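Please read the following points alongside the sequence and the model.

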Amino acid sequence: MELNQQKLHVAIVSSPGMGHLIPVLLLGHRLATVHHLHVTVLAVTTETSAAESQLMDTAHTINIVKIPLGDLSSLLNPHDAVVTHLAVMMRQARHGIRCAISAMARRPDVLIADLFSSESLPIADEFRLQKYVYVPCSARFVSLITYCQVLDKDVKGQYVDRTEPLVIPGCDPVRCEDVPDPMLDRNDQQYKEFVRMGIDFVTLSDGILMNTWTDFEGKRIKALKNNEILRSVVKVPVYDIGPLTREADEAGLEKSKAIEWLDKQPVGSVLFVSFGSGGTLSAEQTTELASGLELSQQRFLWVIRPPVGSSTDGAFFTAGTGPDGPPDYLPEGFLTRTQNVGLLWTTWAPQVEILNHRSIGGFLTHCGLNSVFESIKGGVPMIAWPLYAEQRLNASIVTEEMKVGVRPAVLPTKKVVGREEIEKMARRLMESEEGKKMRERE
């Protein structure tokens, strides 16, 4: 990939959502500051997330053009899955992306589309640009989504009903319970979008950029680049450009009350609990988590959101818009009993600063890749609590391959994790010799 020319202009398309915007801004920052390129991010926005706007305001090394979306109510059903929502959004955003590029005084030389923006890649052909897709996910995810077109033809029935794992050439088999959300129901529209995206990556682009690196998952990277069978599907070049992670001193945030509270806690004593920008729990699971934290007698900093029904991604498009004031949905007396050991945070938290704070000793996380990388970089072991998207794949890497985390016996999306198990996991991570070795593992 020829991106080292002085003053080359690169345009990067970002789909909505903090989990998508962050890696795009990181890529843009790297290209601007390390490779000295001119970078424009075309950020498709729903104008619903205060945290997204704040993050864009702190990105001083790159130019950001917001691509607003019109009314999509006639195109979407409220019950449509997140991937379906994103696919429809990005399909409708193509006109705005095309107009934004056309209006630029200096046209880009390269167009990079994030994973949900692959249908915008043909716009690059109209302007005769190089074109790449940026998948800020693991090589395990990239191998699965690109090979899914083969699995779609070869595998009969629902993947989750299989007892045998899915085989991807040159890679470790994937347990069917660990497949990303779009593969859970082959009759759902988001599955069709998922297969289509994987095909787009290898037919519409000049190459795939992945936010991963050899020490993290060398075997799968090697397979994507060299395995003869897999390469018969993934015919474009594959580049491992990671890890792209945020730095604590680049958070662009004033010292918050959360950091001030952490300053007063003993070294390595606090369990940080956060389910990312979009993760949500049921009322029953919220109660069990609160009770488990209390039973564990560990200090904790919990980024908490109101419980929802069965959805695990209920805050995906509203990150950073939580209510002020103490939550009223926790067990009776919980706030009083834990006031000296715990802090509840109801809005956007400075996660990088928190994970790099000396008082943090563990991280209960949804296993979004941004969070996983930031936790690894901060030397913080994890309780892996995957909720949606490709997080189950990431959790298996954290706990089974890297061995820097523990996880519930049963997936949290299959059953409520009880307070006793939560207590044991918290103590195991924070107090045991095993947890100490995880913190020391390089």
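This is a predicted model: local features need pLDDT of at least 70, side-chain atom pairs count only at pLDDT 80 or more; totals for chains, interfaces and linings use all residues.

1. A residue is called buried when its relative accessible area is under 20%, exposed when over 50%, and partly exposed in between (1.4 Å probe, protein chains only). By this rule Asp200 counts as buried, at 8% relative accessibility. Asp200 belongs to helix α7; helices here are DSSP runs (H or I, at least four residues), strands are runs of E with at least two, and both are numbered from the N terminus. Contact means heavy atoms within 4.5 Å. Leaving aside neighbours within four places in sequence, Asp200 is in contact with Ser118, Glu119 and Ser205.

2. Residues are numbered from 1 along each chain as its sequence is written, and side-chain values use heavy atoms, with hydrogens and water left out.

3. Helix α7 (residues 189–203) also takes part in a helix pair: its axis and that of helix α3 (residues 82–92) come within 8 Å and cross at roughly 60 degrees. That makes α3 oblique to α7, since angles under 35 degrees count as roughly parallel, over 145 as roughly antiparallel, 65 to 115 as roughly perpendicular and the rest as oblique. The axes are lines fitted to C-alpha atoms, for helices over the stretch in contact, and angles run from 0 to 180 degrees between N-to-C directions.

4. Which residues of α3 and α7 meet? Val83, Thr84, Ala87 and Arg91 in α3 meet Gln189, Gln190, Glu193 and Arg196 in α7. The residues of this contact divide into two nonpolar, three polar and three charged. Here Ala, Val, Leu, Ile, Met, Phe, Trp, Tyr, Cys and Pro count as nonpolar, Asp, Glu, Lys and Arg as charged, and the others, Gly among them, as polar.

5. Two residues other than glycine have a positive phi: His36, near 60 degrees, and Cys367, near 70 degrees. His36 lies in the loop between α1 (18–33) and β2 (38–45) and is partly exposed, with a relative accessible area of 47%. Cys367 is in the loop between β11 (360–365) and α14 (369–377) and is buried, with a relative accessible area of 0%.

6. Finally, Gly242 and Pro243 are joined by a cis peptide bond, with omega about 0 degrees. Pro243 is placed in the loop between β7 (238–240) and α10 (257–263).
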